[in-house]
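I opened my notebook to get to know a new structure, one spot at a time. Here is what I looked up, in the order I went.

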Amino acid sequence: HLMCVLARLSARTETAEKRMIAGNNHIDKEDFLSLYPSARAEVFTPDNICKGFAGAGLKPLDKERVLAKITFQLRTPTPPASVESSVSSAFQTPQNPHQLDHKVRSLQKSLSARKQKLSSSPMSHIHHLEKAAQMAMNMNLLLRDEIRTLRAETERKTRKKARRRAILGNDTLLSVQEGQNRIQQLDTQLNEKLDEPTPMPQRRAPQRCSGYGRWAFNRPGSAYAIGLVCPARRAIAARPAVVPLRWSLTGTAAFRPKTLDSYDPTVTIRHRRFLSYNHDPSPTDKMPKDKPSFTLKTPKGTKDWAGADALLRDRIFRTITEVFKRHGGTALDTPVFELREILAGKYGEDSKLIYDLQDQGGELCSLRYDLTVPFARWLAMNPDIRSIKRYHIAKVYRRDQPAVAKGRMREFYQCDFDIAGANFDPMVPDAEVIKIISEVFEELGWQGRYTIKINHRKILDGLFEVCGVPQEKIRPISSAVDKLDKLPWADVRREMVEEKGLDPAAADKIETYVVKKGGRDLLDALLKDEALTANASAKVGMEEMGLLMEYLEAFGVLDKISFDLSLARGLDYYTGVIYEVVTEGSAPSTATSAPEAQNLQKAGKKDKAKGENVDEDDRSNDPTVGVGSVAAGGRYDNLVGMFSSKAQIPCVGISFGVDRIFSIIKARMERDNKAEALRGSEVDVYVMAFGGKGFTGLLKERMEVCKTLWAAGIKAEFSYKIKPKLPQQFKAAENGGVPFAVILGEDELAQGKVRVKEMGLEEGHPEKEGVLVDLKDLTKEVKARLAKKNSAAATTGVEKQIEGLTVQETPKTEDAGV
């Protein structure tokens, strides 16, 4: 009541009125002491007191009025922090930046008005500022300690999670009960280990200029004794122990200082010069200069590409890209990692192979598993694009068991071509995609030594329904059937019945269908199956398959396909026709006698024998593991709609596994002894120079010849030596597999001529020593010789392929994962 009186009194002034308008109903102690005497004299008059009691219902007594006037307010109003005009009435000790600013200005005002009467002492303002600083520092210390505790707990949980993943991240299959028991056991072990105090890292102590703080080793008899060489024992004992080590000792066996309280007997002393056992090391301490102990290798399932391998892979890229562009494809590139929810739920049982990344700022991301889902995400983000032919060549990542020599990698390239559009007639774009597959492998020189296995998801789903598979089990059973290319039927049946709960009778019916393969004859046989034709899904699938075969016959690739009912494709997003490409080198060496498969098996053994970068669990040396399919794809009409219902666009596409194609091509080249195709560079001409006494090296002349060849589009090199020796130049050309040499001589150059020599000619060849060519006709002559050599090599290659061509049934292979 008194505060309200004082507020009303102070409101008579213009400043107080502004404060009241701003919502400030508080008054500090200094203002209160200056206003209280006059306010008391004016307010506490007999008339006001009587009116106050009467208004409150106390005199005369009015019970109803008294009860109506009673209010409960359990807090004092706090002045709003956002009101700038309220700063002048802040608390004595500043609680926020506004109050601190007001306190500083009050102190400045008091100090500048020394000659006037001060409303308050400057020392009180200083005391309040000091108290505010102390509060801020104490709060900072508390927050720092809390942050350190939270970070330690987060790190502990992160290490525990990483340790659990590292231990559980193997490729063995466990039952549910075995997995739960193992997780419980590992959790117990990890909790016991992580709860133990983490030992402080051993650090090198700073160098000392004097003898203080040093230890000396004495050898009385057969035992080691340690003593102080400095007389100032007390000063030494307060510092960390620093030991010059000349032997590798353990603290429990040979190191027993009795004067240092900081000694930890469990610490192992390693073979270093100085070690400090200080539990609170100075930030200026230097770390040991020992070299890190680790093995230089690439991560599991990866490899470096260089030399002949890189050149061969580049040729594969160029061939595939040319075919894509010929069919109207446009390039698209997407990020190498995607949001985790974009990839989730798209790959069925293979989702466990996705590489998840740690949280780096609020977004959970994963490395892309393929190029199809990112393409669908891009279409959903660009709804204005209603049709497109897109190609994409990039790396993808899968945490699979690798077989590097056989092209089964964890980091590998995919070359994708997809046709997206809603206004196309059925099976027309599908047929062009299969035509693209045929063109790619023909231009890679495979000459029909491959098979395109095709099936239809609607036929497969209808088949399962006819056999009695419940709707909710169709995708799991389809995934099991997809393993028929690497497991016998007995194992697949056991998985369907025992693990996925399928009725054994239904599994037996499925067997009667999935063993069938063929062409038009198989489709005709299925059309006569009344049970299948009565199923709506199977009927639509067989009608579309019939259209597809008609279009493939028009494209001239019907003889390249095999209608295989065991082909299921494990990815969940396929809705129509599906296909994959296999060759005689795709199967394991134990399942086929194809030379490619045998060469690949030998390559795996050779790499391991050489001690190259091969992990212990790399399956290149496993004869039961093959290359698998080298390309795969199909129709996915609903994938884009998973991201946006407004962008429902049907799509169909193909993905080529470049690393697997590379493995088979390289095996074939080694089989055909085509060493010239595996040379280490693409240089066509090596420019050399030679001379007798007084030879200058002709460096500028070699540069000019190279400039002329480069301008004509010919790949050329020269030695960077000013006066190179001729044998060294020939050796450099041979090491790079360069087919031609242009040799400059002082006498020939004086006549305006150079010598062109084809490398590797046998003795007695008429052009063994090369031919003289006019310098002005050099580029024309080199191009003609290069064209002739390339034509001869291509003819020889085709003849060898025709000689080695055999017709055999395509074996079962592992899934490509493409």
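This is a predicted model: local features need pLDDT of at least 70, side-chain atom pairs count only at pLDDT 80 or more; totals for chains, interfaces and linings use all residues.

Entry one. Phe44 is partly exposed, because its relative accessible area is 39%, which falls between the 20% limit for buried and the 50% limit for exposed. I found Phe44 in the loop that runs between helix 3 (29-43) and helix 4 (46-56).

Entry two. Next I turned to Tyr355, which sits in the loop between helix 12 (340-343) and strand 7 (365-367). Tyr355 is partly exposed too, with a relative accessible area of 23%. I looked up its contacts, leaving aside neighbours within four places in sequence, and noted Ser366, Leu367, Tyr397, Arg398, Arg399 and Arg410. I also checked Cys365, ten residues from Tyr355 along the chain: the C-alpha atoms of the two are separated by 9.0 Å.

Entry three. My last stop was helix 19 (residues 520-527), where I wanted to know which residues are buried. I wrote down Leu522, Leu523 and Leu526. Seen down the axis of helix 19, these buried residues fall within an arc of 100°, so they line one face of the helix. I jotted a reminder beside this: an α-helix has 3.6 residues a turn, so residues three or four places apart point the same way. What covers the buried residues of helix 19? I listed strand 11 (517-518), helix 20 (530-533), helix 21 (536-555) and strand 12 (561-564) among the covering elements.

Note on methods:
Residues are numbered from 1 along each chain as its sequence is written. Side-chain values use heavy atoms; hydrogens and water are left out. Helices (H or I, at least four residues) and strands (E, at least two) are DSSP runs, numbered from the N terminus. Buried means under 20% relative accessible area, exposed over 50%, partly exposed in between (1.4 Å probe, protein chains only). Contact means heavy atoms within 4.5 Å. The arc is that of the directions from the helix axis to the C-beta atoms.
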